Amino acid sequence: MFFADLHIHSKFSRATSKEMNLETIEQWAQIKGIKVIGTGDFTHPEWLKEIGEKLTEEGNGLLRLKEKYKLQIPESCREDVFFILSSEISCIYQKNGKLRKIHLLILSPSLKDVTKINHALSQIGSLISDGRPILGIDGKELMKIIMDISSDSLIIPAHAWTPHFSVFGSQSGFDSIEECFEELSPYIYAIETGLSSDPRMNWRLSKLDSITLISNSDAHSPSKIGREANIFDTELSFEGITEAIKTKKGFLGTVEFFPEEGKYHYDGHRVCGVRLSPKETIKRNYLCPLCGKRVTVGVMHRVEVLADRQEGFKPPQAIPYKSIIPLQEIMAEINNTSVQSKTLSNLYFKAINNLGSEYDILLNKKLTDIEKFNESLAEAIERVREGKITVEPGYDGEYGKIKVFGKPSPKNNKGQKLLF
Amino acid sequence: MNLNKQQRLAVESSDKYLCVLAGPGTGKTHTITAKIIYLLEEGINPRKIAALTFTQKASIEMRQRVIKKLNKKELPFIGTFHLLCIRLLREFLPENTRNFNLCTRKLQREIISSIGGKNVEKIIERISRFKNKQTSLDDKTLQIYEIYEKKKKELNLLDFDDLLLKTSSMIKEGKIPPLFEHIIVDEFQDINKIQYDIIKGLLKKTGCFSVFGDPDQAIYSFRGSEVDLFLNLPSDFEDLKLLNLSINYRSQANILLASNRFITANTKRFSKRIEPLKPSESQIIIMEVEDEYEEAKTILKEIKKRLGATNFNDLYNNKEETFYTFNSFAVLSRINKGLKIIKEMFMKEGIPVKTIKKEAEAWIESFIKELTGILSKEEIVKKLIEPIPLYEFLDSTGILKDLENYEAYLIKNIASAYEKGILIEQIRAFIDELYGLTSLDLFPENLNAISLLTLHGAKGLEFPVVFITGFEEGVIPYTLSSEYDIEEERRLFYVGMTRAMNELIIIYAKNRVINGKKVSLPVSSFLKEIPEEYIKYEKVRPRKGEPMQKKLF
């Protein structure tokens, strides 16, 4: 069994951390407990060059960081990490009279295939200016090009529900996979649920029963790696992973954000600070009650529109999933400090050193073991595992505010003392 | 086919000499195509019809439309003047020379530099002008010219000028008889004297000729075309029937009416009626910017405003709902260099752009080289005398696989006009045609990217939103150039304006670097020739001591 985070971005993408280099990514994958991590941005010529220099192909469609590049890792979480060639394309084009903007994730089996793909795509647009290139190509046409060049590559609609750049997005997406991909729809085996939706929400669409619901971090900085991931029980190879995605055999499920924490769960208008539930949005005629502009319709609303099943429906074949809150956020709440603070960073690494990788702590570690390290943390993790948390849902680009203990945290001071 | 009243008159006219005045966006190509089909349906022998165009793109488009309607019947000649001349020379030249090869630009360069000419491009230009217009040549160039001609003769080569000149002289000598009952000429305003003589010579006594065009869009005088030939038609042919396609399907009323009023400042023109089908939308926007960098930034901002965010960082600054896509926008410049900074900035932003590539010639050469390479393969040689349709053959060789989408599309469309006769004959004709392709023909029109074009390059295209840059006196009109014709400059700007369907945004910069020198030019004098009622000023800041100011505020 292993965790895989198939979609991240390198330092060559817009608005990403300078730290997103192969060495640090490999390091953080271990801290988080991720076995297989996407390279991200293979369409970027300079990033691909780095991939070629620093990684070696293992012959199983995956790659590993050369020994000499490896950074220091706490022994508690030291593991082999494998890279999978991945990239994301932003397709912006017109279809049926409407502007469409959708992001597609590509997984590819070899540097050879990737080189060919890049050659073809460089005829359509510039690959050099952004690790996630913008191409004015129809999503379906892009898929055709990639499948022609590399039939083993997989194309997966990224964060499928995000309003602005996704296949089901309320702003510039489609109402169905078929509307977007037409005769190639059977080759869409999976969608990314994105941070703002979880499998439970997706189960409400019978059309998605055959689709594998995968989850990735889409990380732009190292500490965000693995905030969502997939659980595989299959051969550690490109074929093993993609077959599991295609057939669901060996695909054990996903590790998920609580969808309310995602930036687009609810509707609203960020500039005015207005958060609306889907029902309120409809009542207010999709207009912001403060300024009268159109609100951004979020993921929950969009699911509601496209769903053909009641809330709470669970298809018989449904694959389970686990909801988590990032460990740093949990610890920040306990210690009443910010996620970015140096204090928290120290505490976080102390926990990793003592207990193991983040996933190990969040998902596997016995509560009694965590208790020995820190009582509040054990209590918090118990609550997260049981889903006993409170959230103010995110909307229009604003992350949701998630609390393990509610506000204010009763354990605040106690926790802080204990951790120091 | 759907035709409006005037279009129908043009299609069904049986006048011996017909001149159709067709302004921008009035359905000229559509009407010509309908006329060809009409003639064929009337039972005219396809071999007695010739439709002439100035670009291969136009002829390919017409052929495709005719082929669709024809159902496998024989296609009349639809092609450029050059192609027509090649066909005629291959038929009517004496047997020992009719298998001439084309002296391409590349060959020209090779020959002239082997003679020892420096500044090869200039010499080629001078020789070409000498051959076409009998301009004088200095002794040195004359010497090079004579050796050049001799070499071509030895190698049985004809350059592009020779094609027209030879055809013309053979017609005069009676070696090529009048062949056509119907000659149709597209873009007649671009014709030159030799081409004009050729069509007159090829028309049978009983035949008809119809010319379509718009003298206001004549922008190729530097290539030797003469708008006077168009303007003199009424005096050349007393029985000339003049029709005017007046309904414009392209531009919203403000753009159309403004451009139409603007062009009346010219004197060498026909007055033509033009009526907008689309109601008025926004006014033409005039913007002032500091320099070429602000110009580029402003355009980028305006495009993003209309396109919505292109990445997450842009969200919230831009509206989201739009019918535009990258393809909806064009940025036009009078001078090629005017697009450089804009291109760089767009590339940096990761926004797809397309330009007219200069390497058309090299591309054609390499494609033909690859094709001839395939033909010499043993298993292919046998096929050459079989009646295989050309496209089917090309497809089977795999040669199309390595082409870009739009290249493959172009090749397919050219090739699909050839399907009769033995393969080798089809290939010969096909290669003759390929040599006539220009950079303009290779512009990937369907590629979803923002077009960056010169005003010349934009001719024949249309875009929902058009930006015209460098609207400064000196650039538009290009009076900084040593040779300019103010009326042609005006026509060129008119062509630019009339590319726009919904929105036209015209920008001038207070400062700009031209040829390495920073200059401050006043706004174009053309501005006052556009009626105020169609204009809205944006971003224009009042400044002291400038005469402009009074007018603007």
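Predicted model: local features only at pLDDT ≥ 70, side-chain atom pairs only at ≥ 80, totals over all residues.
Chain A contains 15 helices and 17 strands. Its C-alpha atoms fill a box of roughly 60 × 60 × 40 Å along the principal axes. The radius of gyration of chain A is 21 Å. A compact globule with 420 residues would have a value near 22 Å, so chain A agrees with that expectation.

Chain B contains 21 helices and 19 strands. Its radius of gyration is 25 Å, close to the 24 Å given by the globule rule for 553 residues. Chain B is therefore as compact as a globular protein of that length. Along the principal axes, the C-alpha atoms of chain B fill a box of roughly 75 × 55 × 50 Å.

The two chains touch. On the chain B side, 24 residues take part, and they are in contact with 25 residues of chain A. The chain B side comprises eleven nonpolar, nine polar and four charged residues.

Chain B holds an open sheet of six strands. The strand order is S3-S2-S6-S7-S1-S8, and the pairing is parallel. Strands S3 (77-80) and S8 (241-245) of chain B stand at the edges. Each has a single partner strand, so one side of each is left without a neighbour in the sheet. Neighbouring strands are turned against each other by 15° on average, direction ignored.

Within this sheet, strand S1 (residues 17-22) of chain B pairs with strand S7 (residues 203-213) of chain B. The pair runs in the parallel sense over five bridges. B:Leu21 has B:Gly213 in S7(B) as its bridge partner. Helices pack on the sheet as well. Helix H1 (residues 5-12) of chain B touches S1 and S8 of chain B. The direction of H1 makes about 145° with that of S8(B). Helix H3 (residues 56-70) of chain B also packs on the sheet, touching strand S2 (49-53) and S3 of chain B. The direction of this helix makes about 160° with that of S3(B).

Two helix pairs, one from each chain, are described next. Two packed helices are described by the angle between their axes and the distance between the axes. In chain B, the pair is helix H5 (residues 105-115) and helix H7 (residues 139-155). Their axes come within 10 Å and cross at roughly 125°. H5(B) and H7(B) are therefore oblique to each other. Their crossing is right-handed. H5(B) contributes B:Ile111, B:Ile112 and B:Ile115 to the contact. These residues meet B:Ile144, B:Ile147, B:Tyr148 and B:Lys151 in H7(B). By class, this contact has six nonpolar, no polar and one charged residues.

In chain A, helix H3 (residues 111-122) packs with helix H4 (residues 139-149). The angle is about 140°, and the axes are 9 Å apart. Angles over 145 degrees would count as roughly antiparallel. H3(A) and H4(A) are therefore oblique to each other. H3(A) passes H4(A) in a right-handed crossing. On H3(A), the contact residues are A:Asp113, A:Lys116, A:Ile117 and A:Ala120. They meet A:Ile145, A:Ile146 and A:Ile149 in H4(A). The residues of this contact divide into five nonpolar, no polar and two charged.

Terms used. Residues numbered from 1 in each chain as written. Chains lettered and ligands numbered in written order. Axes fitted to C-alpha atoms, helices over the stretch in contact; angles between N-to-C directions. Helix = DSSP H or I, 4+ residues; strand = E, 2+ residues; numbered from the N terminus. Parallel < 35°, antiparallel > 145°, perpendicular 65-115°, else oblique. Left-handed = near helix turned anticlockwise from the far one by under 90°. Contact = placed C-beta atoms within 7 Å. Nonpolar A, V, L, I, M, F, W, Y, C, P; charged D, E, K, R; others polar. Pairing = 2+ DSSP bridges. Rg over C-alpha atoms; globule rule 2.2 N^0.38 Å.
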